Amino acid sequence: MASKRLARLNEQLKRELAELIQTEVRDPRVGLVSVTAVQVAADLGSARVFVRALGGDAERAESLEGLVAAAPYLRKLLGQMLQIRRIPELRFEEDRTLERARRIESILAAVLPPEAHEGGGGEADDPPEEGEEEEREEEEGEEEEGAPPGDPA
């Protein structure tokens with residue numbers, strides 16, 4: 001039951017923080033930021049807020065610094081909006097899932113043969129060539145005539 005409550009709280013905090021960051025935070029360091037996820041601790045003492053900021057590395061770091069500076073103010077606003085006893089301490093972190101996904105894809109591209117990752121087309125999807133279809137029919141005919149594999153004749 002508690003996990004459902006935490007999941008609901010995570011989603012509510014994500015929505016509220018996304019709106020508050022866009023409307024209430026006036027720090028010039030905070031650029032275009034989107035809240036991608038929130039993970040609240042079981043004791044409601046802290047919440048990890050994952051954000052994705054646009055721009056280069058320096059601009060993303062600056063946006064993160066601005067959000068860290070605005071965290072107490074955002075926590076106060078959340079306390080006025082939400083009807084929960086304890087508002088968690090906000091800890092902003094950069095969301096790196098896209099970088100991790102790109103890294104995994106590049107590793108897979110290096111390991112797998114080119115045909116395997118070009119759109120999923122395999123041998124089963126390719127139309128049979130002229131001689132292959134006849135060979136398949138001959139093999140199927142031989143299997144039907146003989147005893148099933150594994151049966152002693």
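Predicted model: local features only at pLDDT ≥ 70, side-chain atom pairs only at ≥ 80, totals over all residues.
Residues are numbered from 1 along each chain as its sequence is written, and side-chain values use heavy atoms, with hydrogens and water left out.

I begin with the strands. Helices (H or I, at least four residues) and strands (E, at least two) are DSSP runs numbered from the N terminus, and two strands pair if DSSP finds at least two bridges between them. β1 and β2 run antiparallel, joined by seven bridges, and Ala 37 stands opposite Phe 50 of β2. β2 also pairs with β3, in the parallel sense, over six bridges. From β2 the chain crosses through α2 to β3, a right-handed β-α-β crossover; that is, with the strands pointing away from the viewer, the path from the first strand over the helix to the second runs clockwise.

Next, the core. A nonpolar core is a set of buried Ala, Val, Leu, Ile, Met, Phe, Trp, Tyr and Cys residues joined through side-chain atoms within 4.5 Å, where buried means under 20% relative accessible area with a 1.4 Å probe, protein chains only. The largest has 27 residues, and Ile 21, Leu 74, Leu 90 and Phe 92 have the most contacts inside it. α1 (2–23), β1 (33–40), β2 (46–53), α2 (57–81) and β3 (89–94) each supply at least two of its residues.

Finally, in β2, seven of eight residues are buried. Ala 47 lies in this strand and counts as buried because its relative accessibility is 0%.

Terms used. Buried < 20%, exposed > 50% of the residue type's maximum accessible area, 1.4 Å probe, protein only.
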